[in-house]
Amino acid sequence: MKRLLALPFFLILMTLPLHGATISFLVIETGLWEDAKANEYSSLWENSLMEVFFEEGHIVSNSPVLRLAEKSDKEFPDEATGEFSGAVEGGVDYFILAMLDFPATAGGKIRKPGDISLRLYKTRPYEFLYEERYAGRNNNNMNDEFVRVKQTVRRLLPYLKG
């Protein structure tokens with residue numbers, strides 16, 4: 001008798017739609033010299049993107065950080081098209097570009113990004129959905145910065161259609 005009652009329950013669970021999307025992202029650094037070591041702010045943005053979307057039940061993947069000599073004038077930099085194409089071929093629903101622009105400083109010190117943009121794209125069909133701008137601050141506490149970055153990343157969530 002218990003098995004007969006459990007059967008409809010499991011059938012109902014199996015027919016409920018899953019709301020998790022597949023999301024891939026790419027962090028692009030501009031303004032850093034080519035042979036500079038990895039920047040902790042790039043890792044901060046990678047970790048924030050991964051954590052926020054994973055916590056929301058999405059399947060998340062990322063590409064290695066891409067370092068460009070200068071900021072691109074295009075909405076979607078040519079250097080990122082290979083990563084985007086790979087994500088589309090892999091069946092990803094959404095693609096996020098996190099572009100961190102590091103202002104020039106004398107002495108080659110490790111710097112904080114000044115201008116940051118998050119761009120959300122739908123892959124099939126290709127569609128630009130939303131851009132969130134973030135102004136870097138002179139915050140020395142990385143824990144506080146991590147919380148602020150995660151709040152910024154969460155602003156992309158309502159734009160995931162589905």
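Analyst: One cut-off to begin with: buried means under 20% relative accessible area, exposed over 50%, and partly exposed in between. The model is predicted.

User: Why is Arg 154 called partly exposed?

Analyst: Arg 154 has a relative accessible area of 34%.

User: What makes Arg 154 and Glu 55 a salt bridge?

Analyst: Their closest N and O atoms are 3.7 Å apart. The cut-off is within 4 Å, so the pair qualifies. Arg 154 sits in helix H4 (residues 142–154) and Glu 55 in helix H2 (residues 40–55), so the bridge ties together parts 99 residues apart in sequence. Glu 55 is partly exposed too, at 49%.

User: How do you know that Asp 115 and Arg 133 form a salt bridge?

Analyst: The closest N and O atoms are 2.8 Å apart, and the limit is within 4 Å. Asp 115 belongs to strand E5 (residues 115–122) and Arg 133 to strand E6 (residues 127–135), 18 residues apart.

User: Why does Asp 115 count as partly exposed?

Analyst: Its relative accessibility is 24%. Buried would need under 20%, so Asp 115 is partly exposed. Arg 133, at 44%, is also partly exposed.

User: Which other residue does Arg 133 bridge to?

Analyst: Glu 131, with the closest N and O atoms 3.0 Å apart. Glu 131 is partly exposed, at 28%. Shared partners join Lys 71, Asp 115, Arg 119, Glu 131 and Arg 133 into one network of salt bridges.

User: How many salt bridges does the structure hold?

Analyst: Ten.

How values were computed:
Residues are numbered from 1 along each chain as its sequence is written. This is a predicted model: local features need pLDDT of at least 70, side-chain atom pairs count only at pLDDT 80 or more; totals for chains, interfaces and linings use all residues. Side-chain values use heavy atoms; hydrogens and water are left out. A salt bridge is a side-chain nitrogen of Lys or Arg within 4 Å of a carboxyl oxygen of Asp or Glu. Helices (H or I, at least four residues) and strands (E, at least two) are DSSP runs, numbered from the N terminus. Buried means under 20% relative accessible area, exposed over 50%, partly exposed in between (1.4 Å probe, protein chains only).
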